[in-house]
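Have a look at the structure first, and then read on.

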Amino acid sequence: MRKVGFIGWRGMVGSVLMTRMYKNNDFESLTPVFFSTSQKGQQVDILGVGASVLKDAYAIDVLMQMEIIVTCQGSDYTADILPKLRNSGWQGYWIDAASHLRMHDDSVIVLDPINGDSIQKALDKGVKNFVGGNCTVSLMMLAIQGLLKEDLINWISVMSYQAVSGAGAKAMIELVNQMSLAGNVDITDSLTLERDIHTKVSSSDFPCTEFLTPMAYNILPFIDAPLANGQSKEEWKAQAEMNKILQKTPALPIDGICVRVPVLRAHSQALTIELKKSIALNDIQQKLEKANEWVRFVDNDPKLTAKHLTPMAVSNTLDIAVGRLKKTNLSDRHIQLFTVGDQLLWGAAEPLRRMLNICLARV
Ligand code: NAP
């Protein structure tokens, strides 16, 4: 059986990937080899696989023996290791969750329900590097696949509300820790409640290393590095990656503001879309629902929204909830909708898992 190396399997994306693979019996069709950047030599018991001694994720000679490498470790690791492997003549498939390779000419951003044909063509041409897209981009594209497919959109303005687990396991642990520290106040005195929490969270010794400000009882409207044009890098990815996936020129304009919110898991996005022509809301709903099997349309109703269109409603599922669909005051061609999906599943692990299976069918 094919040897597949896994790096980053214990992080947020990696552990969700392991669970999905276990549930789908994916380990039965490959020989997994587990690596670590920090725990080489340790014996671990990995879901669905059993005991395994961790290999050194920097050992090029061992990595060279893999036919496929799946990494959920991060961009620094990719930038360091992949050139060394390729320069040593490694011909295997590299499947990656990190952003580093996404815009490289010799790599394909994978979201096979949307660009499955492009993936197959790239494999035919000998492309070996396949990268999962940015989480909000993949979730947004699945949500509006019905409109993208028929080329009905002029532009998109998108505001995201992104969970802390989008920044990794440590960020999620820090938020839970902060909430418990901040919330440990006298809640019977509503007059001092907010002031006591505010004093704690804004004190200079409040634990905060993962973000520029504590996320407990807070939001942060800046994700990733600043760019010269005023965007954050996370905001830049929306247009760049979506158009690469769609292979669209001229590019479909997309912009917005990405906001980190104190949610543990699942990213939400509010979209304003200019359509190329006026389309009845019922027809839009049908197009969205028919485009793929994961869209769950939620009627524009407060109770149904509260039940089905929240991070809590979709976490740990492959559902792409889409709701709040309405026309706007701007014009009949300007619509708004809200979408939420699990950024660790369709936003990260699931496109990689599916790409691994596509590669396994080839090697
Ligand atoms: P992560 O949770 O920070 O895990 C990355 C690595 O950190 C792990 O593989 C592990 O490596 C190490 N680590 C250190 N302390 C850990 C701890 N307490 N628990 C678990 N792992 C720990 O990162 P991630 O969120 O999975 O992201 C991996 C890559 O995917 C990044 O490039 C990210 O940008 C991308 N991505 C993430 C998301 C998301 O929603 N999180 C979505 C799409 C793409 P060792 O075992 O080698 O020490």
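Which element gives the most to the lining of the largest cavity? E11 does, with four residues. This is a predicted model, where local features need pLDDT of at least 70, side-chain atom pairs count only at pLDDT 80 or more, and totals for chains, interfaces and linings use all residues. Residues are numbered from 1 along each chain as its sequence is written, and side-chain values use heavy atoms, with hydrogens and water left out.

**The cavity**

Rolling a probe the size of a water molecule over the atoms shows where empty space is left. On a 1 Å grid over the protein atoms alone, a cavity is a set of points where a 1.4 Å probe fits but cannot get out; lining residues have an atom within 4 Å of a point. The whole structure holds one cavity of 30 Å³ or more, and the largest cavity contains about 70 Å³ of space. Among its 14 lining residues, Thr-136, Val-158, Glu-234, Ala-238 and Cys-258 lie nearest the centre. At least two lining residues come from each of helix H5 (135-143), strand E10 (153-162), helix H9 (233-246) and strand E11 (254-260).

**The pocket and its ligand**

A pocket, in contrast, is an open set of points with protein on both sides within 12 Å along at least five of seven lines. The largest pocket has a volume of about 1500 Å³. It is lined by 48 residues, and Gln-73, Gly-74, Gly-166, Ala-167 and Gly-168 are the ones nearest its centre. Elements giving this lining two or more residues are H1, strand E2 (31-36), helix H3 (75-87), H7, H9 and H13.

What takes up the space of the largest pocket? The ligand does. Two or more residues of the shell around the ligand come from each of helix H1 (12-23), helix H7 (169-182) and helix H13 (345-360). In total, 24 residues surround the ligand (a heavy atom within 4 Å), and the closest are Arg-10, Met-12, Val-13, Thr-37 and Ser-38. The shell divides into nine nonpolar, 13 polar and two charged residues.

Here are some polar contacts (pairs of N or O atoms within 3.5 Å).

| Residue with the polar side-chain atom | Distance to an oxygen atom of the ligand |
|---|---|
| Arg-10 | 2.6 Å |
| Ser-38 | 2.4 Å |
| Gln-73 | 2.9 Å |

The protein covers 80% of the 880 Å² of accessible area (Shrake-Rupley method, 1.4 Å probe) that the ligand has on its own.

Key:
Polar contact = N/O pair within 3.5 Å; in protein donor to acceptor, adjacent residues only side chain to side chain. Sits in = over half its atoms within 2 Å of the grid points. Nonpolar A, V, L, I, M, F, W, Y, C, P; charged D, E, K, R; others polar. Points joined across faces, edges and corners; volume = space filled by probe spheres on them.
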